[in-house]
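Here is a short briefing on a protein structure. Look at the sequence and the 3D view first, then read the points below.

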Amino acid sequence: MIDISAFRLRAFESRFIVPILNYFEEHPHDQAHARRSEFMLSIQAGETPDFGREHERVVPGLLRILLLAEGRLWIQRGIEIGYFSPRVEPLAAPEDDIGTAGLEALGVLLGMLGDSYPFSEADATEFPENLSDAIEDLTDSRLDFLGLTLLVSKDFWKIRMAELRDLASILRDRPDVTLSSRFMDRVSWAFQGPEAKLLPSGLPSDWRAAATERNPEWARLQELEEVRLEILQAAKRIGPDEQGSIQLRTSFALDEATQLDGEGSHKPGGDERTLRMIFDIPDES
Amino acid sequence: MLFVGYDSTRENITGVADSLRHNLPRFYPSPLVDAMIVSEEPARDDIYAPYQELIIIGHSLGGLIVRRALADCAQLWLNEPKHAHSQRPSILDAKVRLFSPASAGFRAAGLLGTVKASGIWPALEMYLRRSSAFTDLQPGSSTLSDTRNRTQLLATQPGLEALRAELLWANPDDVVLPERYDTDAYWDSISGQTHRSVCKPNTNYPAPWLFARAGRYR
């Protein structure tokens, strides 16, 4: 007699937990574990940690520590509601150093982002769908976005923002430009990273969902939103054929007419909302 | 159920179709045992028993990819010198059910069609990369016309019934052109659903389950 809840647990672990454990096995000298106290002190102070030149050796590990903690919370919740089996032992005990550090960091991070922790009692019937959404959200673009907005140093952030401003500038000058795959891989995080389907709703993935919200307290999201707006403005003239181009230009012209508020200031995010409206695209936020 | 995902901003339509064609036989008719048992926990009582039926479901761009994979598979089989005596590829056992397939391309040319299909930011990324999903879905592209011509040429031949898809269109669908192939086996539309929602079942909208199972929803 099979135990499908045990299979579900193992399948979840193989997709979510095992790649993280493999990462730490393959990177035994990862600095994230050693620098976790520094990380927590920074975020408790409401600041972004600054690991200087070491950030590239620290940030991937820190991100995985947070994801590992999230994965363990999914398992805990899944066992509570009977979706996962309590009969089998989850991989790697949550008491280990990395696991404990992750849970602490996740709690602090969620507090900083204004979410509730520990989590509320989410509807058990929606658990499979929520879990599936949380797994689907783990794309390269999303992970890059989370690492950049939450974890990298200010200097590194500035470099990446400058790349996006360069893109806006190139698009303004040459709307028919074709960009290299390498460059597009580099900036893809700003295109699809903030476009998560996840909503904060009392789930272990709330820290990822909250990081996407247009939270005015989170300066990097504001700055990113402004640069994305620059890119959208620059993209107005795109259109390889005249019909598509005219439609896009018309939509942007309409957009400009509705963009200014009473004081004539620009509303970040308005371009996108208006485009969604004009093209009848459901709002995903 | 086996879900096949791909990155439409980066991957090539023909490449994904080839990958589907090459990899599906790993899972059908005999289950891939490594996928049926994870850390000693099996997915079902008999993880070795072969499947009795293959149903391929596609939505939007996925529909075009499925059509392409099947047409290429059929053509390659017919190209074999004694194909009548060689075993037919297992993927050609399939019943094919497509939700609003993009096999005639986007309604709107240029970036606009991609924006409607994928959203603003994925569309902009596809445009800047000149990805296959952007260029190949422009109305009249060679990928669209080649796939259609090959499928229509092959679908009436014995043993290639898999190329005769069953279709369910959203009504209204303002993203893709709702044009069927002459050789498609069945088509219908469902009101009150959009291009994006047509394939997503819920308690109040069971039609996707019914269509996937039987090729009809009413």
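How many residues does the contact take from chain B and from chain A? The contact takes 30 residues from chain B and 44 residues from chain A, where contact means heavy atoms within 4.5 Å.

This is a predicted model, in which local features need pLDDT of at least 70 and side-chain atom pairs count only at pLDDT 80 or more, while totals for chains, interfaces and linings use all residues. Residues are numbered from 1 along each chain as its sequence is written, chains are lettered from A and ligands numbered from 1 in the order in which they are written, and side-chain values use heavy atoms, with hydrogens and water left out.

**The two chains**

- Chain A has twelve helices and zero strands; helices (H or I, at least four residues) and strands (E, at least two) are DSSP runs, numbered from the N terminus.
- Chain B has eight helices and six strands, and along the sequence they follow the pattern α-α-β-β-β-α-β-α-α-α-α-β-β-α.
- Of the 285 residues in chain A, 50% are buried, and of the 218 residues of chain B, 52% count as buried. Buried means under 20% relative accessible area, exposed means over 50%, and partly exposed is in between (1.4 Å probe, protein chains only).
- Among contacts in chain A with a separation of 6 or more, 74% join residues 24 or more positions apart. In chain B, 66% of the contacts between residues at least 6 apart in sequence join residues at least 24 apart.
- The C-alpha trace of chain B spans about 50 × 45 × 35 Å along its principal axes.

**The interface**

- Chain B and chain A bury about 3,100 Å² between them, 66% of it on carbon and sulfur atoms. Buried area is the accessible area (1.4 Å probe) that two parts lose on being put together, summed over both.
- On the chain B side, Glu41(B), Trp121(B) and Leu128(B) lose the most area to chain A, together 26% of what that side buries.
- The rule finds three salt bridges across the interface of chain B and chain A. A salt bridge is a side-chain nitrogen of Lys or Arg within 4 Å of a carboxyl oxygen of Asp or Glu.
- Asp185(A) forms a salt bridge with Arg10(B), with the closest N and O atoms 3.0 Å apart.
- H5(B) supplies eight residues, the largest share of the side of chain B that touches chain A.
- That side of chain B divides into 17 nonpolar, three polar and ten charged residues. Ala, Val, Leu, Ile, Met, Phe, Trp, Tyr, Cys and Pro count as nonpolar, Asp, Glu, Lys and Arg as charged, and the others, Gly among them, as polar.

**Helix H5 of chain B**

- Ten of the ten residues of H5(B) are buried, so the helix is largely enclosed by the rest of the structure.
- Among the buried residues of H5(B) are Trp121(B), Glu125(B) and Arg129(B).
- Just after H5(B), Arg130(B) takes a positive phi of about 50 degrees.

**Salt bridges**

- Side chains of opposite charge can pair when their charged atoms come close.
- The count over all chains comes to 29 salt bridges.
- Asp185(A), Asp7(B), Arg10(B), Glu125(B) and Arg129(B) are linked in a network of salt bridges.
- Arg67(B) and Asp184(B) meet in a salt bridge (2.9 Å, N to O). The pair links distant parts of the chain, 117 residues apart: Arg67(B) is in helix H3, and Asp184(B) is in the loop between strand S5 and strand S6 of chain B. Arg67(B) and Asp184(B) are both buried.
- Asp18(B) and Arg21(B) meet in a salt bridge (2.8 Å, N to O). These two are three residues apart in helix H1 of chain B, so about one helical turn separates them. Asp18(B) is partly exposed at 23% relative accessibility, whereas Arg21(B) is buried at 14%.

**Two single residues**

- Ser5(A) is found in helix H1 of chain A and counts as buried because its relative accessibility is 13%.
- Ala35(B) lies in helix H2 of chain B and is partly exposed, with a relative accessible area of 37%. Not counting residues up to four places away in sequence, Ala35(B) touches Phe7(A) and Phe27(B).
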